[in-house]
Amino acid sequence: MTDLAVDVGRCLLANPVMPASGTFSEALADAIDLDRLGALVAKTVMPEKRAGNALPRVAETPMGMLNSIGIPCKGPEAFVQHTIPAFKRYRPPFVASISAGTVRGFADLAAQVVAGGADVVEANISCPNLEADGHAFAVSPKATARVVQALRAATDAPLWAKLSPNAPNIAEVAMAAEAAGADAVVVANTILGMAIDVERRRTRLGAGMGGLSGPAIKPIVLRMTYQCVRAVRIPVIGCGGIATAADALEFLIAGARAVQVGTATFRHPTTMIRILDDLDAWCRERGIARITDVIGTLEPFETPQLEAAEDLAAE
Ligand SMILES: Cc1cc2nc3c(=O)[nH]c(=O)nc-3n(C[C@H](O)[C@H](O)[C@H](O)COP(=O)(O)O)c2cc1C
């Protein structure tokens with residue numbers, strides 16, 4: 001057996017594979033052994049009860065799915081009373097994904113979920129910042145720094161900032177999160193997209209636009225993960241289009257310390273377990289004892305020397 005343990009900030013995980021927020025619930029225990037996962041990440045909770053966005057909320061596209069769920073939520077009390085105890089029955093650390101429209105809302109909610117038993121706080125900062133014209137916190141290094149600072153002051157629990165691929169420069173946002181005290185960054189949430197039903201001349205999502213996830217976004221998010229790995233010293237968790245061990249390995253080799261799996265679980269509920277088994281087999285076949293020996297091992301291409309380049313040009 002390969003040693004799959006990784007440490008993500010101040011959190012030691014038995015392995016680097018965990019669900020992405022919003023694509024996972026305790027009901028998945030019917031299909032897989034949740035105790036085998038590196039961590040358990042719940043759907044984002046917000047400070048107030050919410051109904052969610054207009055229907056339809058999901059649309060399939062050739063290489064991924066669009067969603068505009070809008071974070072329907074029963075509020076923090078229900079989360080602390082029901083969701084946290086349901087997940088705490090399992091061994092892996094429980095990651096509470098939180099979001100709010102204001103800095104104060106984020107900080108209060110973090111304190112509440114940690115008091116309720118959450119092991120890690122994942123701040124979903126891709127939501128609109130009501131104090132800045134509704135622009136997402138995560139598109140601005142300044143707004144990210146403000147919210148992460150407040151979260152850091154509100155809790156000593158490990159704090160992960162989940163970044164948005166819609167930021168103009170995600171590496172700068174990762175640096176702001178690190179400087180403000182985040183223990184890790186998650187790269188990333190969904191990419192804003194759109195689809196139109198041409199016969200009805202209507203957008204295929206009730207909200208008009210929505211987040212694209214799945215295989216279509218993997219090369220983009222892998223590139224962003226690599227850029228963030230180079231920009232910060234804290235661990236980076238890769239998330240976007242991961243469906244196989246080979247996908248996960250691409251992120252790990254690029255330097256991600258762990259990975260999250262979202263859309264692929266909808267297609268095959270056992271995806272995360274298959275990825276774990278295949279990661280173990282891949283390492284064993286190559287005599288690799290620890291998964292940490294794979295992380296950040298991307299080899300550079302050699303730049304051709306001038307003579308060789310001239311030979312090539314002559315061919
Ligand atoms: C149906 C659906 C609901 C989601 N809900 C949340 C959410 O509540 N909070 C969050 O941070 N991300 C949410 N996401 C984004 C995922 O956690 C993940 O970042 C994204 O889907 C990219 O990963 P994937 O390509 O493996 O799905 C959601 C994604 C989907 C498809």
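Biologist: Which residue in S14 does Asn 67 stand opposite?

Modeller: This is a predicted model, where local features need pLDDT of at least 70, side-chain atom pairs count only at pLDDT 80 or more, and totals for chains, interfaces and linings use all residues. Residues are numbered from 1 along each chain as its sequence is written, and side-chain values use heavy atoms, without hydrogens and water. Strand S6 (64-67) pairs with strand S14 (209-213) in the antiparallel sense over three bridges; two strands pair if DSSP finds at least two bridges between them. In S14, the residue opposite Asn 67 is Gly 211.

Biologist: What is the bridge partner of Pro 19 in S16?

Modeller: Look at the open sheet of eight strands, ordered S3-S16-S15-S10-S9-S8-S7-S4 with parallel pairing. S3 pairs with S16 (258-261) in the parallel sense over three bridges. In S16, the partner of Pro 19 is Val 261.

Biologist: Is Ala 171 buried or exposed?

Modeller: Ala 171 lies in helix H4 (170-179). Beyond its neighbours within four places in sequence, Ala 171 is in contact (heavy atoms within 4.5 Å) with Gln 227, Cys 228 and Ala 231. Buried means under 20% relative accessible area, exposed over 50%, and partly exposed in between, with a 1.4 Å probe and protein chains only. The value for Ala 171 is 12%, so Ala 171 is buried.

Biologist: What covers the buried residues of H3?

Modeller: Helix H3 (141-154) has 14 residues. Its buried residues include Val 147, Val 148 and Leu 151. Their cover includes S7 (94-98), H2 (103-115), S8 (120-124), S9 (159-162) and H4.

Biologist: Which residues touch the most other members of the largest nonpolar core?

Modeller: A nonpolar core is a set of buried Ala, Val, Leu, Ile, Met, Phe, Trp, Tyr and Cys residues joined through side-chain atoms within 4.5 Å. The largest has 102 residues. Phe 106 is in contact with Val 147 and Leu 151, among others. The residues asked for are Phe 106, Val 113 and Val 187.

Terms used. Helix = DSSP H or I, 4+ residues; strand = E, 2+ residues; numbered from the N terminus. Expected span 1.5 Å × (residues − 1).
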